[in-house]
2 protein chains.
Amino acid sequence: MRYSVFAESSRVCPLLCISACELVGGSQDQAMPMACALEMVHTASFIHDDLPCMDDDELRRGKAANHKVFGEDLAILAGDALYALGVEYVASNSKDICPDTLLRVIAELGKAVGSEGMVAGQYLELASNESGEELTFEALRDIHLRKTAAYAECSTVCGAILGGADEEQIQSLRQYGRALGLLYEVVEDMAEQSGKNKIRTPSSYIKVLGLEKCKEYVKLLRSEAKSYLSGFDTKKAVPLLCFVDQLAERVRDYEAF
Amino acid sequence: MRYSVFAESSRVCPLLCISACELVGGSQDQAMPMACALEMVHTASFIHDDLPCMDDDELRRGKAANHKVFGEDLAILAGDALYALGVEYVASNSKDICPDTLLRVIAELGKAVGSEGMVAGQYLELASNESGEELTFEALRDIHLRKTAAYAECSTVCGAILGGADEEQIQSLRQYGRALGLLYEVVEDMAEQSGKNKIRTPSSYIKVLGLEKCKEYVKLLRSEAKSYLSGFDTKKAVPLLCFVDQLAERVRDYEAF
């Protein structure tokens, strides 16, 4: 569990959670247990996704995948225990949060992970990899909406809820998280196809859209994600705005493609 | 997920949860979402434990193990999603339960499943199976305390908490659940060794204790489990008393051993 959680990571989900919490007037302390839980649960999903019967990845976060070091049995158990620990941690360690609010974020986390969220996305991805057929744009987007986008969404929504956001703010940050998650996948896809990253799947935005439309899609997602922050204090929104720009700017690196 | 959850099962953990809740004056309705969550999470652990890299079991609950039907990848995902659904279900569907109480049972569930509970027990069992060495009585008991006993304990404790038990009652029902879980393992062990069930592990209570001491241990656990119910209304305690007697009486079937 420690091997994978403490591997080098951008900690983007915890950062999204804390940034969303602070954006709506909450504190870092209020969001921290949930931020830790998000990282533990995300790591759990990585460990399971990397297994030979799943994506069969040998590397994760710059080092050997969990099962390459500890074996498949312990990798499965480490994932299970990290999910359990994440839930227990946020339930037991959150302070200055009303219990109703905590139950709501725990339910959000369960939903983002479960059979309508990350598990569903992984299932669809496995099925498409097995069939070997190229996905349509919509099918590819659907997978990423359930995987990366659902988890980014969960991170910002939970941060917003913990920070005391109203329903309209929660809705805006949900949309922001979703757009950011999709943006991440498109940018990763461009990096893969340009040869800078390992190819993960047979399907690709570049393949189905072509390079020019792909760049336009990045532009669209970039402005869409930022538009959901327009109702907030601009200064406080800086971290969330920066996440968008940093991601979108990475596309420049792949121009040579 | 449905294939494994709706397989024939004694539903003993849900029954323990509801019975404990009713024993302390709560209602079935108050315990039901948690009872369902316990069954989902228990099923999740079965699905993962049966995998080829773990216990490599082909049968579970009278039919083919999940991975034999759906493949290892989907079996891992089904387990992950069932755990997530269990947590989400109890967080979202419990009624007439104060949120603080719900957070407490969610934390209890996480603890029973995680790296100090079922996952730890499964780890110790895998390690002992791999070494091929016979365990001592204490080591065997430690594995079962973390696996079956921890989960039976979680079931009664959560039922008690949801039913509004005081701390002394919770403590008694924790001890009861623990003794019942151990009793279950010893009786199962006797059934295995008598050839009525499939042998699961190289280690066995009968092997380390001998038949006579094993029977004495059953007697001890039986009276111990029942003793923890002595402070409760005898009539209301009937279901929990019956669980103990039914288990212990099964030993008669193995007398021929």
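Me: Which residues are linked with E108(A) in a network of salt bridges?

Reply: E153(A), R174(A) and R178(A) are linked with E108(A) in that network. A salt bridge here is a side-chain nitrogen of Lys or Arg within 4 Å of a carboxyl oxygen of Asp or Glu. By this rule the count over all chains is 32 salt bridges. This is a predicted model, in which local features need pLDDT of at least 70 and side-chain atom pairs count only at pLDDT 80 or more, while totals for chains, interfaces and linings use all residues. Residues are numbered from 1 along each chain as its sequence is written, chains are lettered from A and ligands numbered from 1 in the order in which they are written, and side-chain values use heavy atoms, with hydrogens and water left out.

Me: What makes D50(A) and R60(A) a salt bridge?

Reply: Their closest N and O atoms are 2.9 Å apart. The rule asks for an Arg nitrogen and an Asp oxygen within 4 Å, so the pair qualifies.

Me: What does that pair tie together?

Reply: D50(A) sits in the loop between α3 (28–49) and β1 (59–60) of chain A, and R60(A) in strand β1, so the pair ties together parts 10 residues apart in sequence. Helices (H or I, at least four residues) and strands (E, at least two) are DSSP runs, numbered from the N terminus.

Me: Is D50(A) called buried or exposed, and why?

Reply: Buried, because its relative accessibility is 2%. The classes are buried under 20% relative accessible area, exposed over 50%, and partly exposed in between (1.4 Å probe, protein chains only). R60(A), at 25%, counts as partly exposed.

Me: How do you know that E188(B) and R250(B) pair?

Reply: Their side chains meet at 3.0 Å, N to O, in a salt bridge. R250(B) lies in the segment after α13 (238–249) and E188(B) in helix α10 of chain B, so this pair ties together parts 62 residues apart in sequence. E188(B) is buried at 11%. R250(B) is partly exposed at 26%.

Me: Why is D49(B) called buried, and what is it in contact with?

Reply: Its relative accessibility is 10%, under the limit, so D49(B) counts as buried. D49(B) lies in helix α3 (residues 28–49) of chain B. Leaving aside neighbours within four places in sequence, D49(B) is in contact with M54(B), D55(B), D56(B), Q122(B) and K147(B).

Me: How do you know which side of α8(B) the buried residues are on?

Reply: In helix α8 (residues 137–146) of chain B, the buried residues are L140(B), I143(B) and H144(B). They cover an arc of only 95 degrees around the axis, which puts them on the same side of α8(B). The arc is that of the directions from the helix axis to the C-beta atoms. They pack against α7 (118–131), α9 (148–162), α10 (167–193) and α11 (205–209) of chain B.

Me: What makes the relation of chain B to chain A a two-fold one?

Reply: A rotation of 180 degrees with 0.0 Å of shift along its axis superposes chain B on chain A, with RMSD 0.0 Å. The two copies are therefore related as by a two-fold rotation axis. In chain B, the C-alpha nearest the axis is that of P99(B), at 2.6 Å. Copies are superposed by least squares on the C-alpha atoms of residues with pLDDT of at least 70 in both.

Me: How do you know that the copies meet through the same surface?

Reply: 100% of the interface residues of chain B are also interface residues in chain A, so the surface is the same. In numbers, 34 residues of chain B are in contact with 34 of chain A.

Me: How much area do the chains bury, and what joins them?

Reply: Chain B and chain A bury about 2,900 Å² between them, 78% of it on carbon and sulfur atoms. Buried area is the accessible area (1.4 Å probe) that two parts lose on being put together, summed over both. In chain B, D73(B), L77(B) and L103(B) lose the most area to chain A, together 19% of what that side buries. Between the chains the count is 0 salt bridges and 2 residue pairs in polar contact, both at pLDDT 80 or more. A polar contact is a pair of N or O atoms within 3.5 Å; within protein, one must be able to donate a hydrogen and the other to accept it, and residues adjacent in sequence count only if both atoms are side-chain atoms.

Technical notes
Contact = heavy atoms within 4.5 Å.
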